[in-house]
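I opened this model to look up how its charged and aromatic side chains pair. My entries follow the display.

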Amino acid sequence: MSEDETFIRQEVELLIDEGLAKVSFLHPLADISIWHLFTVVEDRIRLLFNGYIKKDEMDFYSIIDGSKYELRHAIAQVLKSSSNTSITLPDKTNPSLYERAAELLQEAGKYENLSRIVASTYSSDCYFKKVASGYKLEGQSRGEFRYSVLEVLGHGSNMDPDVTGVLYEWLQNGAYNVEGQHILESLTNSGRIKKSKVIYDYKPSIACGIATQLPQREMIIPEGFEFDWGGAFETHVMINSLMVRCLYHVLSVELVAGKKIRGGGESSLVLILTKEQLIADIQVLADFEYETICKFVEILTFGNKAITPDIALQPLYFSKSRLFMIPCYHILNSNIQRNLLSLLAKIDNKQFDKQSDIFEKSMVSQLEVSLQNWKHYSLNREYKVNGVKEEIDGLIIDKNSKTVLLMELRWILQPGDVREVYNKIKATSSKVNQLARKIAFVEKNLSEIILRTTGCLNDFLITDNWQVKGVVVIQGFGGTVSKHETIPIVTLDIFIKAVINSNSLRELHSWLNGLSWLPREDHDFKLDEIEESNGLVNIYRTAVSLLVNKQQYSNYLDDNIKFNLKGDLE
């Protein structure tokens, strides 16, 4: 980046910071301001779920995801400009503070969008160019757009049922079975109104009933990984119990307030509990010692051990009045498993790093299941020939197509924001160079590698027709454009679907390298020239708009594999 381009970026950054700083503070006391910020966000998400605000699926999730970043920046702004002391938390929304909180969140959203654009100029070939009415972002890669869309569409995995889907269905259409209908009736009948607030008791029988109706989210914390409070089992149980507690609250408020309070009871949306109450409520479905749950709650408490607190990672806000303020819709729409891993990586990097090999072992286990149709393969094996050794993550031998396929594996903690994305891109790209070196090693020692892998060389006629190919397989991240023309980067979900349905490694590599499996412009997404502005700075850039959802893309992927690798699709 030239000196002029660097100077222009500094101009842009200054105007972005001024845009957020111009918003007047909400209240002299931070807790009152944060309660109103929570209330506005919870109210907005509630109106999406109950259908009062109509949005298509893409906008629905975009708004919810955006609210996490809005809250992060808005809370940071409040804490910079407010003091705090022990006070009685609000019982009722202050209309003026509600409006100003909404304004601050709106500006925080603009700040996030503009900051993401600036971040891209630090870690890619992008730069700003001055134009008549502002600044234009130049240097965006069309290939990277396809991988960016893959990240949003879930890496090619199938779309599984989710707790948020149950909540959406129950609020929009009611429960679809007798058990669910009984739960909703019980919540409606057990709640009451006191001084315009929804009041209810957290009943274990109803909580257990809710738990039976909820699907289990994908378990991304593997067996063997340890937190201070325990392992994957304890963590999943406590997360599930917290989710049920939050669902119990939002359903109670919606069902009771909807019938008995004009305006929907937005003042009841933020769950207020003592620490002891919260731990006891989690214990209803997580039968662990008090200290175990206490450690879990404390790590999720906003600001605990964190240098730069993030409400997305630590969603339990402990007020000066020694009461938790809990934004339940926010939690229900969060990936707490991923957030806990991200949080641990930030606050105790040594503890996270010393266990990181567990994730790649989990990857290997998933991959091994998909390779059962291939007679000759090896995983996590070291080969040493003529004094040179290489650790080969994965290797498959296909005698029929005379192909050896090498796999370089990398588990990546899913990025939470754009700043992390570029670090993941760098980490992924480094694997390509490593694999190129290993391919050269196998090519040079092909007969020996085949002999050691299969135990017999007689069945293999080693000629010049044999080819050694490679693919970088990643999990947890969508990926990036490979800088090597014959070493593609693909997600584990897509690779597993492909390798199971392929009977030729040469065809499989050709298909992977052709990138037809990536989301397609004008089919799965479109590109538009848009303007981002905070009133002080205007930035023009190319932006992605999705045309399909996760399941529709997964269906396309399945059809693509059937047609290109199995040839059985008309």
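I took buried to mean under 20% relative accessible area, exposed over 50%, and partly exposed in between, with a 1.4 Å probe and protein chains only. The model is predicted, so I noted that local features need pLDDT of at least 70 and side-chain atom pairs count only at pLDDT 80 or more, while totals for chains, interfaces and linings use all residues. Residues are numbered from 1 along each chain as its sequence is written, and side-chain values use heavy atoms, with hydrogens and water left out.

Salt bridges. I counted a side-chain nitrogen of Lys or Arg within 4 Å of a carboxyl oxygen of Asp or Glu, and found 20 salt bridges. I looked up Glu-107 and Lys-110, whose closest N and O atoms are 3.2 Å apart. Both lie in helix 4 (residues 95–123), three residues apart; helices are DSSP runs of H or I, at least four residues, numbered from the N terminus. Lys-110 is partly exposed at 26%, whereas Glu-107 is buried at 8%.

Next I checked Arg-44 and Glu-70, bridged at 2.9 Å. This pair links helix 2 (residues 30–49) with helix 3 (residues 57–81). Glu-70 is buried at 14%; Arg-44 is partly exposed at 22%.

Aromatic pairs. I paired rings of Phe, Tyr and Trp (its six-membered ring) with centres within 6.5 Å, calling planes under 30 degrees apart stacked, over 60 edge-to-face and the rest tilted. This gave 20 aromatic pairs. Phe-233 and Phe-288 are edge-to-face, with centres 6.3 Å apart and 80 degrees between the planes. I logged Phe-233 as exposed at 53% and Phe-288 as buried at 17%.

Notes:
Helices (H or I, at least four residues) and strands (E, at least two) are DSSP runs, numbered from the N terminus.
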